[in-house]
Amino acid sequence: MVATIIIVIIIIVILLAVIVSYRKKITQGCCGAGGDAAEKVIRKDINPAEYPYTCTILIEGMTCKNCAARIENRFNQTEGYFAKVNLRKNSAEIRTKAPAEDGEIKSIVAKAGYHVKEIRRV
């Protein structure tokens, strides 16, 4: 009898934790970004001719449009960079005005809270 009550209490606690987590996901987004969508930073100088160097990066950890916006914003706020993220492919096309080191690209992504899986030069 006591064992049954303890098991029922444990099940109730687990169900409550799942409900709270699910509710948080619905109201705050999958990555806990808050109810507000991340505003995109848009560069004014997006002429591809100004960004002759291109690479594609594969990114780990992106799960929603807020994740994609965070990564784009990090690059677009960095002088000499322009980025466009493809959430479905977990990738980003990075355009630069000058050749960029892999370490610098990885650092920008890491500052946004994500990890570069691979860098492909075009």
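Which residues in the largest nonpolar core touch the most other members? The points below take this up after the overall layout; the model is a predicted one.

1. Overall layout. The protein chain holds three helices and four strands. Read from the N terminus, its elements follow the order α-β-α-β-β-α-β. Of its 122 residues, 30% are buried. Among contacts with a separation of 6 or more, 67% join residues 24 or more positions apart. The chain exposes about 8300 Å², and carbon and sulfur atoms supply 58% of that area.

2. The four strands make an open sheet with antiparallel pairing, in the order 2-3-1-4. Strand 2 (81-86) and strand 4 (115-121) each have a single partner strand, so at these two edges one side of the strand has no neighbour in the sheet. From one strand to the next, the twist averages 25°.

3. Pairing of strands 2 and 3. Six bridges connect strand 2 with strand 3 (residues 91-96), in the antiparallel sense. Within this pairing, Phe82 stands opposite Arg95 of strand 3.

4. Helices on the sheet. Helix 2 (residues 65-76) lies across strand 1 (53-60), strand 2 and strand 3, and runs at about 170° to strand 2. Helix 3 (residues 102-111) lies across strand 1, strand 2 and strand 4, with an angle of about 140° to strand 4.

5. Core. To return to the opening question: the largest nonpolar core has 22 residues, and those touching the most other members are Ile57, Ile59, Ile71, Phe75, Ile94, Ile105 and Tyr114. At least two core residues come from each of strand 1, helix 2, strand 2, strand 3, helix 3 and strand 4. Helix 2 gives the largest share, four residues. In soluble globular proteins, nonpolar side chains tend to be buried together.

6. Ile59. Leaving aside residues up to four places away in sequence, Ile59 touches Ile71, Asn90, Ser91, Ala92, Val109, Tyr114, His115 and Lys117. Two of these partners, Ile71 and Tyr114, are named with Ile59 among the core residues that touch the most other members.

7. Asn73. Glu39 lies 34 residues from Asn73 in sequence, while the C-alpha to C-alpha separation of the two is 8.4 Å.

Definitions and conventions: Residues are numbered from 1 along each chain as its sequence is written. This is a predicted model: local features need pLDDT of at least 70, side-chain atom pairs count only at pLDDT 80 or more; totals for chains, interfaces and linings use all residues. Side-chain values use heavy atoms; hydrogens and water are left out. Two strands pair if DSSP finds at least two bridges between them. Axes are lines fitted to C-alpha atoms, for helices over the stretch in contact, and angles run from 0 to 180 degrees between N-to-C directions. Contact means heavy atoms within 4.5 Å. A nonpolar core is a set of buried Ala, Val, Leu, Ile, Met, Phe, Trp, Tyr and Cys residues joined through side-chain atoms within 4.5 Å. Buried means under 20% relative accessible area, exposed over 50%, partly exposed in between (1.4 Å probe, protein chains only). Accessible areas come from the Shrake-Rupley method with a 1.4 Å probe; for residues, only the protein chains shown count as cover.
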